[in-house]
Amino acid sequence: MLTILLAVHCSLFIVPCSLMDTIIFGAGPSGLAGARKLAENNKSVIVFEKEKQVGGISKTIEFKGCHFDLGGHRFFTKSKEVNELWNKTLGKDFLKRPRLSRIYYRNKFFNYPIKPFNALFGLGIIDSVKILASYVKIKIFPYKEEKTFEQWVSNRFGKKLFDTFFRTYTEKLWGIPCDEIQAEWAAQRIKGLSLISAVKNALFPGKSGKVKTLIEEFKYPKYGPGMMYEKMAENVEKMGGKILMETEIVKINHTDFKVENVMVKDSAGQEKIYQADHFLSSMPITALIKRLSPAAPEEVLNAAHNLHYRSFITISVILDCPTPFPDTWIYVHSPEVKLGRIQNFKRWSPYMVADKNKTALGLEYFCSEGDELWNMKDADLINLGLEELEKIKLGKKADFADGFVARVPKAYPVYDAGYKQNIKIIRRYLDKFKNLQPIGRYGMFKYNNMDHSILTGLYAAENILGSRNDIWTVNADKEYHEEKK
Ligand SMILES: Cc1cc2nc3c(=O)[nH]c(=O)nc-3n(C[C@H](O)[C@H](O)[C@H](O)COP(=O)(O)OP(=O)(O)OC[C@H]3O[C@@H](n4cnc5c(N)ncnc54)[C@H](O)[C@@H]3O)c2cc1C
């Protein structure tokens, strides 16, 4: 391998470095999967990760004998390749787990996925009649176009059921009204469901509607999703790949639509330049555009500026009590609290909580970077979480033993009215690059699950090995990924 000498930016420091086949930005699921594929095929690859831990948003945080997932990561996929990769990475430590997830609304639990009879009995006779009447009404006078989330869901469930079970949670999540959220999100998440198919399914399970909605069990690593990606990183290194932690890509130098090298900055603030033939980027696409040098054209910079992400905060608490409810997770629709979702990690995997007499919960709040919630002090956030938990009677503040706050910026790409056009402009520009491929959820600004993110990493690596995959077709089938025939 050719060894070259490159000068460090703005200093006289000279750093010897090797010319790699591929440099990958980010050691999340997509970056690691791409690195593994390349290393397996004897390509030299180096992954730069700005954090201390691998796994990206799918990492697991260990705290006082408990394991906390940032969110709650179910492993499910229709891809044979991804399944094989997960299975061979963890083997027997990849557990099959039962799922119980419910909606909490008006001090009652409702099944999620929604079961019509459970919903109608739970809401009482008057609301049930209103729901049925509104369903009949929408069937006679449906929205003519289904551009927004509200139109899409109302056409399938009626306006009243939409208002009851979809509106509050969705607006907590996205922070914008449902009539500003694009229908694609609904189509990806709840395709195949309608009130009629749900009723048929409840009456004739197995026979009717064919949509045995949303899986009742899922796979999960013994100690949370981070375990999967830590093992994957270990395997990449065993195969000869390198992973440099706490090293951020700060500049991407290019000429004639070819990336020549990248400048990285380590935790000590030292800058170095690395060169390679190919580059895969899983950093947020907005950050990628901003780091290009020379700068991208004005139109592309504006398009990147106008893409928005929703962030979230998870308040991780340990309670001195055995589990207060049986659910794996709960969607909190109750409008009287800001709390959006509760993860109960002992139910995700019994190994997540070492002491059986304790409970580890993730109290999730959706917000925007820099808003009031985002800027609250950690102690105040923990207090807010515990108070709201007690208010909706799902836990006692007095049982609090310990906790911490994790802020997750840019967790959800927002499918607002302008995003498609902005992505089109950015893609048109990035497509011109000969050796730079964006991958992953944030890298491509797509509502990708782990399997989709992994597939983009694998396909991009295959392209380097000679294939001609169109990475943008991943997760574009509009079919709900949890739908089971
Ligand atoms: C709340 C929540 C729940 C979820 N639940 C599920 C689920 O149940 N099932 C499922 O399959 N998926 C789920 N997902 C999606 C899943 O988390 C993502 O698909 C997956 O983590 C994306 O992987 P990635 O590699 O594309 O990006 P990331 O996980 O974000 O990894 C990117 C990495 O790049 C690093 N990076 C960024 N910028 C730089 C830079 N300049 N230099 C160096 N490194 C950089 C980051 O630190 C990060 O480690 C969930 C997501 C969220 C937010």
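This is a predicted model: local features need pLDDT of at least 70, side-chain atom pairs count only at pLDDT 80 or more; totals for chains, interfaces and linings use all residues.

Q: Which residue lies over the face of tyrosine 351?
A: Lysine 222, at 4.6 Å from the ring centre.

Q: What about tyrosine 447, which residue lies over its face?
A: Arginine 441 does, and its distance from the ring centre is 4.9 Å.

Q: Tyrosine 447 again: how far is its C-alpha from that of tryptophan 185?
A: The two C-alpha atoms are separated by 8.0 Å. Along the chain, tryptophan 185 and tyrosine 447 are 262 residues apart.

Q: Which helix holds tryptophan 185?
A: Tryptophan 185 sits in helix H7 (residues 183-190).

Q: Is tryptophan 185 buried or exposed?
A: Buried, because its relative accessibility is 8%, under the 20% limit.

Q: New topic, the ligand. How many residues surround it?
A: The ligand is surrounded by 34 residues. The closest are Ser30, Glu49, Ser58, His73 and Arg74.

Q: What does serine 58 do there, in terms of atoms?
A: An N or O atom in the side chain of serine 58 is 2.7 Å from a ligand oxygen. Isoleucine 57 has a backbone N or O atom 2.9 Å from an oxygen atom of the ligand.

Q: And which side chain lies 2.9 Å from a nitrogen atom of the ligand?
A: That of asparagine 449, through an N or O atom.

Q: How much of the ligand's area does the protein cover?
A: The protein covers 94% of the ligand's accessible area, which is 990 Å² for the ligand on its own.

Q: Which elements give two or more residues to the shell?
A: Helix H1 (29-40), strand E12 (247-255), strand E20 (400-413) and helix H16 (450-464). E12 gives the largest share, three residues.

Q: How do the shell residues divide by type?
A: There are 11 nonpolar, 15 polar and eight charged residues around the ligand.

Q: You mentioned strand E20. Which residue in it has a positive phi?
A: Lysine 410 is in strand E20. Its phi is positive, about 50°, although lysine 410 is not a glycine.

Q: Is lysine 410 buried or partly exposed?
A: Partly exposed, because its relative accessibility is 25%.

Q: Phenylalanine 445 next. What is its phi?
A: Positive, at about 55°, and phenylalanine 445 is not a glycine either.

Q: Where is phenylalanine 445, and is it buried or exposed?
A: Phenylalanine 445 is in the loop between strand E21 (436-438) and H16. With a relative accessible area of 2%, phenylalanine 445 is buried.

Q: What about the peptide bond from serine 293 to proline 294, cis or trans?
A: Cis, with omega near 0°. Proline 294 lies in the loop between strand E15 (292-293) and helix H11 (298-305).

Q: Switching to helix H5 (residues 149-157). How many of its nine residues are buried?
A: Eight of the nine, so H5 is mostly covered. Among the buried residues are Phe149, Trp152, Val153 and Phe157. Glu150 in H5 is buried too.

Q: What happens just after H5?
A: Glycine 158 takes a positive phi of about 90°.

Q: Last one, leucine 95. Where is it?
A: Leucine 95 lies in strand E7 (residues 94-98). It counts as buried, because its relative accessibility is 18% and the limit is 20%.

Q: How far is leucine 95 from lysine 219 in space?
A: They are 5.5 Å apart, C-alpha to C-alpha. In sequence, leucine 95 and lysine 219 are 124 residues apart.

How values were computed
Residues are numbered from 1 along each chain as its sequence is written. Side-chain values use heavy atoms; hydrogens and water are left out. A residue is near a molecule or strand if one of its heavy atoms lies within 4 Å of it. A polar contact is a pair of N or O atoms within 3.5 Å; within protein, one must be able to donate a hydrogen and the other to accept it, and residues adjacent in sequence count only if both atoms are side-chain atoms. Accessible areas come from the Shrake-Rupley method with a 1.4 Å probe; for residues, only the protein chains shown count as cover. Helices (H or I, at least four residues) and strands (E, at least two) are DSSP runs, numbered from the N terminus. Ala, Val, Leu, Ile, Met, Phe, Trp, Tyr, Cys and Pro count as nonpolar, Asp, Glu, Lys and Arg as charged, and the others, Gly among them, as polar. A charge sits over a ring if NZ of Lys or CZ of Arg is within 6 Å of the ring centre and within 35 degrees of the ring normal. Buried means under 20% relative accessible area, exposed over 50%, partly exposed in between (1.4 Å probe, protein chains only).
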